[in-house]
Amino acid sequence: MSIRRGIIAIDEGTTGTRAAWVAADGTVGGLHYERLAVSSPRPRVVEQDAAEILRKTTDAVHHAVADAAREGVAIVGLAIATQRATTVLWDTVSGEPLVPAIVWQDTRHADELATLAPEWDPWLVPRVGRPVGVRSPYVTALRLIETDERVREAHRAGRLGFGTVESWLLWNYVQGRPLATTATTATSCGAYVIGEHRYATEYLDALGFPAELLPALRDDQDAFGMSDPAVLGIEVPVTAVLGDQHAGLVGLGAVSAGDAMCVHGTGSFVDLNIGDATPARPGLYEGALSLVAWRAQQRSLFTVETFTAATGSALDWLCGSLGWFDDAKAISAAAAESSGRRQVQFMPAMTGVRMPVVEPRVKSMLTGFDFSTKKADVAAAVLEGIAHSVAWSLEADAEVAGVDVTSMLVGGGLSQSDPLLQMQADLTQVPQRRLRETEVASLRGAAFLGGVGSLWPDLEHAVALLEEEAVFEPRLARAERDEQVHAWRARVELEVRLARAGQELRD
């Protein structure tokens, strides 16, 4: 059997974690997936078990490594993509998580953070690329140090580990137990100066965050050290660590300025690659965030990102909790049979909205049905609500970036829904390009970045391996599209006003 070289890639997401090997010809094999539990014990609180994340990610790697050995793939590196702003606090002596991981969807401190916004938003937006926002790993950690005895004692004893998921995995997987983070994850946490690759210490000092807890900042493509064979079963260099959406950006081939990407997972993320220039109009929309796309060789590329926090998870709720459909595929199949009257509207806001403003108090809404409404109409409305969110996100990205959209690449589980992608094409008026095997885009992207210099001379050679599966061209006339968009956005804006009016009455 001929020996091929490959990289083990990890994609640790919110609702699941997986690993696979990626060979030099772009082939992905040995894919193993483990589902992760997400709990919401009370409103605005979203948590996970960090020990489960570690255990199941490790299991996935072991499966991928074993498959690589069977298939004659020589593993030459490890690359990691993770969910980004989920907070982990652990004991660096025992290695045990001290509290549940606080998921990026968690908004428990939104009211406290809102009090900081008037003073800090004008400073943060042009430097960090985002306002104070509705969640902060740093505020989360501070409040746990104050209120949780185990966290407080670990901090007092100098054995408190703090970071997001990539920091947690690096600490467990790399020899020497480094405590590090990378540009793409740091930029999502709200205290990273994107143009200078440094922490926004001015803001962190004002919060009172202990500087000694900050993970060391690294490039996304870097020499992180050798993996621990006692943990993973392989001893290879760890060469790339980046946020999952950024890995998707690379894995879908959106590596040039003007390339846009939409990845549908737990939420739906829309990123626009703008090259090596920072955005032209940061802060134009509260929910449009300026990020590092990825950083390599001490050079950053940038992107503008918007997202809807709960789309795939909203479909899971419709299927699981309500039992209206068997699964997401059934929703797509039903939507294809819809009458197309579009009188039913769905707004995916299980954890609030982010366009045109960030408002966590808004709830999801399904409206416009009567006795003539069929199940297929509801299915179409659910997908159309997601497509409307994507269209609004893409417009906001382009306005903030000051860059025209040249292409839209789609990935993630829901990208397999033809009705959804046709709706996205109609509502964005931009062709939607679905590549083959988009479900492994984040794995492939992490490997592509980590394999530059060993398997591929540069990213352009790596993404040239990608194959297009389908293109969805806009069919809806612009005037009709504008009418639908106006009606849907007016409803969102009404829900925002109602939520804020309700809060004022309670206050």
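A cavity is a set of grid points where a 1.4 Å probe fits but cannot get out. This is a predicted model, and it holds 5 cavities of 30 Å³ or more.

**Stop 1: the largest cavity**

Start inside. The largest cavity has about 290 Å³ of space. Its lining is made of 25 residues. Select Val134, Arg135, Phe307, Arg354 and Val358, which are the closest to its centre.

**Stop 2: the largest pocket**

Now turn to the open space. How much space lies in the largest pocket? About 1,200 Å³. The lining of this pocket counts 47 residues. Select His264, Gly265, Thr266, Gly412 and Gly413 to find the ones nearest the pocket centre. Then colour helix α10, which supplies the largest share of the lining, 4 residues.

**Stop 3: a surface patch**

Stay with α10, which covers residues 312-320 and includes Trp317. With Trp317, they form a nonpolar patch on the surface. Together the four have about 340 Å² of accessible area.

**Stop 4: Thr185**

Go to helix α6, residues 183-188, and pick Thr185. Is Thr185 buried or exposed? Thr185 is buried because its relative accessible area is 0%, and the cut-off for buried is under 20%. Next, show what surrounds this residue. Beyond its neighbours within four places in sequence, Thr185 is in contact with Arg84, Thr164, Glu166, Leu242 and Gly243. For a distance check, draw a line from the C-alpha of Thr185 to that of Ala216: the gap is 12 Å in space and 31 residues in sequence.

**Stop 5: Pro279**

Move to the loop between β15 (268-275) and β16 (289-296), where you will find Pro279. Pro279 counts as buried because its relative accessibility is 11%. Which residues does Pro279 touch, not counting those up to four places away in sequence? Select Ile274, Ser290, Val304, Val400 and Ala401. Then label Thr303: its C-alpha is 7.8 Å from that of Pro279, although 24 residues separate the two along the chain.

**Stop 6: backbone exceptions**

The last selections concern the backbone. Most residues other than glycine have a negative phi, and most peptide bonds are trans.

- Select Gln298, in the loop between β16 and β17 (299-308). Gln298 is not a glycine, yet its phi is positive, about 65 degrees. A relative accessible area of 68% makes Gln298 exposed.
- Select Glu437, in the loop between β21 (432-435) and α14 (441-451). Glu437 also is not a glycine and has a positive phi, about 60 degrees. With 39% relative accessibility, Glu437 counts as partly exposed.
- Select Met355 and Pro356, which are joined by a cis peptide bond. Omega there is about 0 degrees. Pro356 sits in the loop between β18 (345-347) and β19 (365-367).

How values were computed:
Residues are numbered from 1 along each chain as its sequence is written. This is a predicted model: local features need pLDDT of at least 70, side-chain atom pairs count only at pLDDT 80 or more; totals for chains, interfaces and linings use all residues. Side-chain values use heavy atoms; hydrogens and water are left out. Helices (H or I, at least four residues) and strands (E, at least two) are DSSP runs, numbered from the N terminus. Buried means under 20% relative accessible area, exposed over 50%, partly exposed in between (1.4 Å probe, protein chains only). Contact means heavy atoms within 4.5 Å. Patches are made of residues with over 30% relative accessible area and no salt bridge: like charges are joined within 9 Å, nonpolar side chains (Val, Leu, Ile, Met, Phe, Trp, Tyr) within 5 Å. Accessible areas come from the Shrake-Rupley method with a 1.4 Å probe; for residues, only the protein chains shown count as cover. A salt bridge is a side-chain nitrogen of Lys or Arg within 4 Å of a carboxyl oxygen of Asp or Glu. On a 1 Å grid over the protein atoms alone, a cavity is a set of points where a 1.4 Å probe fits but cannot get out, and a pocket is an open set with protein on both sides within 12 Å along at least five of seven lines; lining residues have an atom within 4 Å of a point. Grid points are joined across faces, edges and corners, and a volume is the space filled by probe spheres set on the points.
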